[in-house]
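Visitor: I would like to learn how to read side-chain packing in a model. Can you take me through it feature by feature?

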Amino acid sequence: MASAVEAAGGAPASEGVGEGAPVLLPGVPRQRGGAAPAAAPVAAAEPVEPPASVAPAGRRAAGPRLRRLLPTPTGTPFTFCYALLLVGTSLYAEHGDPSVVSALLQGSSTDVVHLTQAPLPVLIASALWSAGGLASGFAVAFLFVLTALERRIGGVRTATVFFGGHALATLATEVPVAFSVAAGQLPESSLHRLDYGISFGVMTCIGALAGLLPAWGRWPLLAVGGFQALSGLLDYVDPMTDWGHLLSLALGVAAWPLLHYWWRQRTGPAPLPGDLGHPALRAARVP
């Protein structure tokens with residue numbers, strides 16, 4: 001019987017190896033008898049520091065997340081442009097000629113007279129002003145709520161939710177005033193009340209956004225919106241507007257099925273396992 005032993009891969013063992021010496025096979029970490037494989041010495045591993053661009057990545061990750069809370073011209077164009085418009089009208093209302101500002105606000109009021117004469121222009125004009133200015137709670141809520149909603153359903157659909165709630169809640173509060181004046185229960189001066197602002201649209205978007213959030217964010221957001229409307233009703237300063245706030249919030253909640261449908265259309269169905277037609281899986285496919 002031949003005494004030569006073949007190494008892995010079919011190569012014969014070296015001729016200079018004695019019969020009693022163990023044969024070393026390449027690729028095997030340890031042989032019988034405790035002999036170590038004849039391999040080139042490996043330098044001791046030195047600790048490698050991560051690149052400068054990798055080390056602070058975790059800290060920098062919070063920056064983009066915070067920036068997503070605010071509107072941007074590319075990510076949320078509707079909210080961004082609308083916010084700039086509100087900044088302009090609010091600054092003019094604060095620093096402009098008082099007589100001109102008063103005339104503009106009167107002409108933008110969604111009272112019964114204006115809604116009867118030119119309903120569509122006055123509904124649009126009334127949403128160009130922020131009652132209370134930029135520091136009001138509804139102006140701050142506008143910035144964050146509409147940004148979050150637009151990132152989920154898109155700009156056109158966010159505008160539909162906002163202006164739809166603004167228009168429906170306005171009509172729902174002003175039409176009863178017209179009937180009450182006609183029935184003699186309210187004075188005729190109620191037909192000329194000053195009514196403008198973004199609050200109805202913002203409350204509708206609050207109710208709508210709550211339906212797209214997980215439970216830990218949905219119910220606190222609805223609680224804040226409901227508290228805002230109910231506390232106003234209890235104060236009884238402007239009950240018709242506060243009823244409009246509550247109705248606007250309910251309109252947003254009623255739109256949840258439609259919003260979920262829009263969101264599924266925007267995000268698309270989840271890819272099935274093995275679906276190599278999906279772009280993410282197609283890129284990883286081995287040719």
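This is a predicted model: local features need pLDDT of at least 70, side-chain atom pairs count only at pLDDT 80 or more; totals for chains, interfaces and linings use all residues.

Visitor: How many aromatic pairs does a search of the whole structure find?

Guide: A pair of aromatic rings is described by the distance of the centres and the angle of the planes. Rings of Phe, Tyr and Trp (its six-membered ring) pair if their centres lie within 6.5 Å; planes under 30 degrees apart are stacked, over 60 edge-to-face, and the rest tilted. The search of the whole structure finds seven such pairs. Take Y82 and F142: their ring centres are 5.1 Å apart and their planes stand at 80 degrees, so this pair is edge-to-face.

Visitor: Where do Y82 and F142 lie in the chain?

Guide: Y82 is in helix α3 (residues 77–95) and F142 in helix α7 (residues 137–153). They are 60 residues apart, so the pair links distant parts of the chain. Helices here are DSSP runs (H or I, at least four residues), numbered from the N terminus.

Visitor: Is F142 buried or exposed?

Guide: Buried means under 20% relative accessible area, exposed over 50%, and partly exposed in between (1.4 Å probe, protein chains only). F142 has a relative accessible area of 2%, so F142 is buried. Y82, at 5%, counts as buried too.

Guide: F142 also pairs with F162, edge-to-face, at 6.1 Å centre to centre and 85 degrees between the planes. F162 lies in helix α8 (residues 155–182), so this pair ties α7 to α8 across 20 residues of sequence. F162 is buried, with a relative accessible area of 0%. Ring pairs join F78, Y82, F142, F162 and F163 into a cluster.

Visitor: Which residues have the most contacts inside the largest nonpolar core?

Guide: In soluble globular proteins, nonpolar side chains tend to be buried together. A nonpolar core is a set of buried Ala, Val, Leu, Ile, Met, Phe, Trp, Tyr and Cys residues joined through side-chain atoms within 4.5 Å. The largest one here has 33 residues, and those with the most contacts inside it are Y82, F142, L149, V161, F162, V202 and L259. Helix α7 gives the most to this core, with eight residues.

Guide: Look at F162 again. Contact means heavy atoms within 4.5 Å. Leaving out residues up to four places away in sequence, F162 touches Y82, A127, F142, L146, I198, G201, V202 and C205. A second, separate core has five residues, including V112, V177, L191 and M240.

Visitor: Which residues of helix α6 are buried?

Guide: An α-helix has 3.6 residues a turn, so residues three or four places apart point the same way. In helix α6 (residues 119–126), the buried residues are V122, L123, A125 and S126. Down the axis of α6, they fall within an arc of 165 degrees, so they line one face of the helix. The arc is taken from the directions from the helix axis to the C-beta atoms. L120 and P121 are exposed on the other side of α6. The cover over the buried residues of α6 includes α4 (98–107), α5 (112–117) and α8.

Visitor: How many salt bridges does a search of the whole structure find?

Guide: A salt bridge is a side-chain nitrogen of Lys or Arg within 4 Å of a carboxyl oxygen of Asp or Glu. The search finds three. R193 meets E174 at 3.2 Å, N to O. R193 is in the loop between α8 and α9, and E174 is in helix α8, 19 residues apart. D195 and R193 meet at 3.4 Å, and D238 and R193 at 3.2 Å. Together, E174, R193, D195 and D238 are linked in a network of salt bridges.

Definitions and conventions:
Residues are numbered from 1 along each chain as its sequence is written. Side-chain values use heavy atoms; hydrogens and water are left out. Helices (H or I, at least four residues) and strands (E, at least two) are DSSP runs, numbered from the N terminus.
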